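My notes follow in the order I took them.

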Amino acid sequence: MSKHNAENERIKRAYFTHLKAARGLSEASIDSVAKAIHRFESSTGFRSFKKFHVEQAIAFRRRLDEAVAARTQMPLSKATMLQTLNAIRAFILWLAEQPGYRSRIRYSDADYFRLSEKDMRIAKAPQQRQIPTPEQIESLLSAMPAGTDIEQRNRALIAFTWLTGVRDGALASLKVKHVNLAEAKVDQDPREVKTKNSKAIVTTFFPIGGPARQIVEDWIEFLVKECLWGRDDPLFPATLIEHSSDRQFRASGLARKHWSSAAPIRAIFKDAFQAAGLPVFNPHSFRHTLAILGESICKTPEQFKAWSQNLGHEQVLTTFTSYGAVSAHRQADIIKSLVNQPGKPTELQELAARMAALVRISG
C-alpha cells in the first residue's frame with residue numbers, strides 16, 4: 001500500500017506555508033498539524049483529498065477510538081483526539097477554499113471531524129497537576145552533589161529555575177550576559193533567548209529564600225573567574241563528550257556551547273529527583289509552584305499582577321486560572337474556613353473583591 005500521495009503532498013506543503021506565513025504558527029505547531037493530517041491520510045489509504053467523502057471522516061473518527069499512543073501503547077486520550085480532529089477540521093475548511101477542491105469539498109464536511117459532546121467535556125476537563133512543594137525543592141538542592149563541574153551545573157540549573165521560573169527552552173539558550181546579579185534579574189531577550197511566542201521578558205529573582213540564590217551566584221562566579229567564560233558564553237553549557245581510553249564515549253566536563261534542545265535539561269531534573277528519592281517533576285512544574293506561592297505571598301492585586309508579569313504572563317488571569325489551581329486538599333480546607341464573622345466580610349466576599357480588582361488590572 002502506498003504511504004504517500006504526490007498530489008496530497010503538494011497541497012499540504014501549500015497549507016503549511018499558509019500556517020507559517022499567514023497565521024504565524026511555529027515549526028513545532030506545524031509539525032503537530034502535519035502528524036494529524038498524516039494520520040487521516042493513513043486511514044484512507046492515502047487517497048487524494050479531491051476524493052474526500054464524509055464516510056472517510058466517520059471511519060477515521062471510529063478508528064481514533066481504537067488507536068493507541070505509539071510511546072505508551074495506551075488508548076489515545078480524549079485531549080489528543082480533540083487536538084487531532086481540530087487540526088484536520090481546520091485543514092478541510094482551508095481546502096474547501098482552494099482551486100480544484102472547492103467543487104469537491106464543502107464547508108459542512110469539516111463538521112464530521114468532531115468529538116461527541118460527552119467526549120468534548122472529558123477532553124477539556126482540567127487535570128489535577130502534581131507539583132513540587134517548596135520544601136521538596138529545597139530538600140533536593142540540599143541533597144544534590146556539587147563535586148564536579150557537571151554536578152555544579154546541574155544543581156545551579158535547578159536552583160536557577162526555582163529562583164526565576166524561566167522555561168526550559170529559555171534555560172537552554174540563556175547566556176551569561178542575560179543575568180544581572182547586581183539587580184537580581186534576568187533579561188530574556190527574544191533575539192537570543194528562546195522565549196514562548198518570542199516575548200521579551202524581564203524577570204526579577206523571586207523572593208523564595210533558601211540557598212537557591214547563593215548557588216546561582218556561586219555558579220556564575222565559577223564560570224567567569226575559573227572557566228574564564230565571556231558574556232556571550234552559555235549560562236548552562238552542554239556536556240562535553242569525549243572518547244575514553246577504552247574508546248567509549250564519556251562525559252568529561254563542560255562544552256563551550258549551548259544545548260541544542262531542552263531535552264537534556266528535563267533529563268537532569270528527572271535524574272536529580274530520582275537520586276534524591278523524591279517524586280519526579282519537570283522544569284515547568286516549578287512555574288506552577290511559584291504561581292501558587294504568589295497567591296499566598298501577594299496581599300494586593302498590584303502585587304499579584306507584578307508576580308504574574310514576572311512569570312512572563314501578559315494577563316494576570318493566566319496565572320490565576322492556568323497556574324494557580326487549588327489542590328483538592330487545599331480546596332477542602334478553604335471551604336471549611338469560610339465562616340462568617342459579625343461585622344466583617346467573609347473570605348468569599350474578599351476573594352470576590354480581589355478577583356474583580358484583578359480583572360480591572362488585567363483589562
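**Cavity**

I sorted the lining of the largest cavity by class and got four nonpolar, six polar and four charged residues. The model is a predicted one. I then looked up the volume, and the largest cavity holds about 60 Å³ of space. Its lining consists of 14 residues, and V166, R167, Q188, I201 and R287 are the closest to the centre. With the threshold at 30 Å³ or more, I count one cavity.

**Second largest pocket**

I next took the second largest pocket, which has a volume of about 410 Å³. I find 17 residues in its lining, with S32, V33, A36, Q83 and A87 nearest the centre. Which helix gives the most to this lining? Helix 2 does, with seven residues. I looked up which helices supply at least two residues each, and they are helix 1 (6-21), helix 2 (27-43) and helix 4 (78-95). By class, I note eight nonpolar, five polar and four charged residues in the lining of this pocket.

**Nonpolar cores**

I turned to the largest nonpolar core and found 55 residues in it. F160, W162, L223 and F236 have the most contacts inside this core. I listed the elements that give two or more residues to it: helix 6 (134-143), helix 7 (149-164), helix 8 (168-173), helix 9 (212-226), helix 10 (263-275), helix 11 (283-297) and helix 12 (301-310). Helix 7 provides the largest share, eight residues.

Last, I checked the strands and found an open sheet of three, in the order 1-2-3, with antiparallel pairing. Why is one side of strand 1 and of strand 3 left without a neighbour in the sheet? Strand 1 (179-180) and strand 3 (201-204) are at the edges and have a single partner strand each, so one side of each lacks a neighbour there. Strand 2 (residues 185-188) pairs with strand 3 in the antiparallel sense, over four bridges. I looked up D187 and found V202 of strand 3 as its bridge partner.

Technical notes:
Residues numbered from 1 in each chain as written. Predicted model: local features only at pLDDT ≥ 70, side-chain atom pairs only at ≥ 80, totals over all residues. Heavy atoms only, no water. Core = buried A, V, L, I, M, F, W, Y, C linked by side-chain atoms within 4.5 Å. Buried < 20%, exposed > 50% of the residue type's maximum accessible area, 1.4 Å probe, protein only. Pairing = 2+ DSSP bridges. 1 Å grid on protein atoms, 1.4 Å probe; cavity = no way out; pocket = protein on both sides within 12 Å on 5 of 7 lines; lining within 4 Å. Points joined across faces, edges and corners; volume = space filled by probe spheres on them. Nonpolar A, V, L, I, M, F, W, Y, C, P; charged D, E, K, R; others polar.
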